[in-house]
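Have a look along with me.

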Amino acid sequence: MRNLLAGHSVIPVITLDRVEDAVPLAEALVAGGLKVLEVTLRTEAAVEGIRQIVNHVPDAIVGTGTVCTEQQIKLSEDLGCQFMISPGATESLLQAGERSTVPFLPGISSVSELMRGMEYGHRNFKFFPAEAAGGPPVLKAMAGPFGDIGFCPTGGVGLHNAMEYLALPNVLCVGGSWIAQAKLINEQRWSEIETLAREACELAN
Ligand code: 3PG
């Protein structure tokens, strides 16, 4: 998980309402330089959309997001996903993640949640909801006792504040929905999404 995150500073969080948008959206993001794509399991279109991206966009590194149940871990495996991300870290999810061969990034927003994840061997976490949970000062404070832990802050992160997070040594990458915006997807404005992806990519370099 660390290699995957550390090599890709921005992960677009994607919510698909229509299967037909999956491939052109993924192509636009990859063309803009963002290859690691988190597709949330929040909509009916997500499963078939992921399948299509896996089959038709070979340069994309596709994973599931909003993974909240053991069944969704199994589903991520069946879909051939390369990673799985959860907003949280329940005991049953951590156990299922431990049994899976697919790299799993649990979500935390407190020290005790972090420590529970560490008990399962995790060294990388989604920090969610990043802005609402205290933002960069919290991650700076965590670097003291948990110096070897890496984070992917998500939730309220955008172009305006991504650099504040990425400047921290314990931030591996940031995630967010500001690139694959619902309105742009809905209107199939792929070149604008590609521009946003490029902008995000440049910001990180
Ligand atoms: C997520 O699913 O990770 C978050 O909902 C994304 O948060 P954002 O919409 O504030 O970027």
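My entries below cover the cysteines, the cores and the ligand.

**Ground rules.** I am working with a predicted model, where local features need pLDDT of at least 70, side-chain atom pairs count only at pLDDT 80 or more, and totals for chains, interfaces and linings use all residues. Residues are numbered from 1 along each chain as its sequence is written, and side-chain values use heavy atoms, with hydrogens and water left out.

**Cysteines.** I looked for disulfides (pairs of cysteine sulfur atoms within 2.5 Å) and found zero. For cysteine 68, the nearest cysteine sulfur belongs to cysteine 81, 15 Å away. Cysteine 201 has its closest cysteine sulfur in cysteine 173, at 13 Å, so that pair is too far apart for a bond. I also checked burial (buried is under 20% relative accessible area, exposed over 50%, partly exposed in between; 1.4 Å probe, protein chains only). Cysteine 201 is buried at 19%, while cysteine 68 is partly exposed at 44%.

**Cores.** I took a nonpolar core as buried Ala, Val, Leu, Ile, Met, Phe, Trp, Tyr and Cys residues joined through side-chain atoms within 4.5 Å. The largest has 62 residues, and Leu25, Ile53, Phe151, Val174 and Ile179 touch the most other members. A second, separate core of 11 residues includes Leu5 and Ile85.

**Ligand.** I listed what surrounds the ligand (heavy atoms within 4 Å); among the residues are Val13, Phe128, Thr154 and Ser177. A ligand oxygen lies 2.2 Å from a side-chain N or O atom of arginine 42, and one lies 2.6 Å from a side-chain N or O atom of lysine 126.

Notes:
Polar contact = N/O pair within 3.5 Å; in protein donor to acceptor, adjacent residues only side chain to side chain.
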